[in-house]
Amino acid sequence: MLIIGNGRVITRDDANPFLENGAVLIEKEIIKKVGKTEDLRKEYPDAEYIDAKGGVIMPGFINIHEHIYSAMARGLSIKGYNPNGFLDILDGMWWTIDRHLTLEQTKQSAMATYIDCIKNGVTTVFDHHASFGNIKNSLFAIEDAAKELGVRTCLCYEVSDRDGKDKMKEAVAENAAFIKHALADDSDMIAGMMGLHASFTLSDETLELCAANKPAEVGYHIHVAEGIEDLYDSLKKYGKRVIDRLMDLNILGPKTLAAHCIYVNQHEMDVLKETDTMVVHNPESNMGNACGCPPTMEIMKHGVLTGLGTDGYTHDMIESYKVANILHKHHLCDANAAWGEVPTMLFKNNAIIANRYFKKPLGILKEGAAADVIIADYNPVTPMSGANCNSHILFGMNGNHVTTTVINGKVVMKDRILTVIDEEKAINNVRTEAEKLWNSINA
């Protein structure tokens, strides 16, 4: 057994939201009890003890939309790359990277991403992968990294027509193989989805092939109306908006995750609500690519289950929280916007979304929940309670405050030292493969 104590415990459990000098008792992969530090240590004197030293103890973060394949892009300069719009960014940067990735580089990209996730307190990751240079077994390579580091993850491969029919079919097959593998796994640490790029790179025939190869237990993970070009393409080719096209092709539903949803109207929001389709907002990526600000506040008012992701732009969910908070205030010219919506997305909805794929309750510290627990060395100078803890996180913390990360009951980082791997050796491996990738791209 393990006790994590002597901290301010934010549980996300409405029945017991906050404990001063609280503790969490972990037995194997689940939380056995939450209570006062003194009481739990007295009741379980032989349990291993981790001292939070007056910091904050809370559930691990969940990232609902990541892009592991972008991990080696930091500082990369591609010859001739001078984008003029979103499509140029996709083809000139991201599709160029994914066309050059080897299987080993895919694995090392996953190592880099998951290491950063652990260091920022992210314990569950939904990734959307692409490596059209090497498709087969790419999801399994990512899984190898996830298992080595102990991160809970849901994976998919990005099906697209952009590189021809053969690669499209190979991508569908990779999804189908991994989904079958994940469904047979009983660890509750791995899941699979049918990954789709976006409407404008997917024909009806391709989507029909995806449907034919997708088990009923899972849904789709797709970029939706991220750029205005996606909407224009759908209107021109099919005479309907993106959400209507996906509805007609039976893509939407409670197991489907629609990323971005920037260019959607009121009718489409109604469709998302009626189909119980999940949406994920990625504020920094939307701003960085100049795609526009999605109507996320309005989407949530429609009752659509909406979570928060990073799109690979960062692995720090608190950073994404900060940006989403100010983006919608600025966009709506309303200082009262987003105070409630964004923390709901991050702390409540991300867990609801993740639990459509994982069995043990996530994002909460209570008896029977998954033992995904983090410690942050934040000791506030103002009063802290369950009523104002979100404001403390928003204005006083960032991912670098995380000192200890426990996933599925296993301590994977303690006092900022990774316990599951030799971090220096692992990062050197990443650097080696990154240099090879850069040389390949600019050869």
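In this report Ala, Val, Leu, Ile, Met, Phe, Trp, Tyr, Cys and Pro count as nonpolar, Asp, Glu, Lys and Arg as charged, and the others, Gly among them, as polar. By these classes, the lining of the second largest cavity has six nonpolar, three polar and three charged residues.

The model is predicted: local features need pLDDT of at least 70, side-chain atom pairs count only at pLDDT 80 or more, and totals for chains, interfaces and linings use all residues. Residues are numbered from 1 along each chain as its sequence is written, and side-chain values use heavy atoms, with hydrogens and water left out.

## Cavities

A cavity is a set of points, on a 1 Å grid over the protein atoms alone, where a 1.4 Å probe fits but cannot get out; lining residues have an atom within 4 Å of a point. Grid points are joined across faces, edges and corners, and a volume is the space filled by probe spheres set on the points. Three cavities of 30 Å³ or more are counted by this rule.

The largest cavity holds about 90 Å³ of space. Among its lining residues are Arg12, Met58, Phe61, Leu346 and Gly363. Strand E5 (56-59), strand E6 (61-66) and helix H13 (341-354) are the elements that give two or more residues to this lining. Helices (H or I, at least four residues) and strands (E, at least two) are DSSP runs, numbered from the N terminus. H13 supplies the largest share of the lining, four residues. By class, seven residues lining the largest cavity are nonpolar, three are polar and one is charged.

The second largest cavity has a volume of about 70 Å³. Its lining includes Phe86, His197, His223, Glu226 and Asp230. Here the elements that give two or more residues are helix H2 (86-100), strand E10 (194-198) and helix H7 (228-238). H2 gives the most, with three residues.

## Two open sheets

Strands of a sheet pair through backbone hydrogen bonds, either parallel or antiparallel. Two strands count as paired if DSSP finds at least two bridges between them.

E6 is joined to E7 by four bridges, and the partner of Phe61 in E7 is Val122.

| Strand pair | Residues | Sense | Bridges |
|---|---|---|---|
| E16 and E17 | 402-407 and 410-414 | antiparallel | three |
| E17 and E18 | 410-414 and 417-418 | antiparallel | two |

## Two hairpins

E16 and E17 form a hairpin with two residues between them, and Asn408 in the turn has a positive phi of about 55 degrees. Ile407 has Lys410 in E17 as its bridge partner.

E17 and E18 also form a hairpin with two residues between them; in this turn Asp415 has a positive phi of about 50 degrees. The bridge partner of Lys414 in E18 is Ile417.

## A helix pair

How do helices H3 and H15 cross, and at what angle? The axes of H3 (residues 103-119) and H15 (residues 423-441) come within 9 Å and cross at roughly 135 degrees. That makes H3 oblique to H15, because angles under 35 degrees count as roughly parallel, over 145 as roughly antiparallel, 65 to 115 as roughly perpendicular and the rest as oblique. The crossing of H3 and H15 is left-handed, a term used if the near helix is turned anticlockwise from the far one by less than a right angle.

Note on methods. On a 1 Å grid over the protein atoms alone, a cavity is a set of points where a 1.4 Å probe fits but cannot get out, and a pocket is an open set with protein on both sides within 12 Å along at least five of seven lines; lining residues have an atom within 4 Å of a point. Axes are lines fitted to C-alpha atoms, for helices over the stretch in contact, and angles run from 0 to 180 degrees between N-to-C directions.
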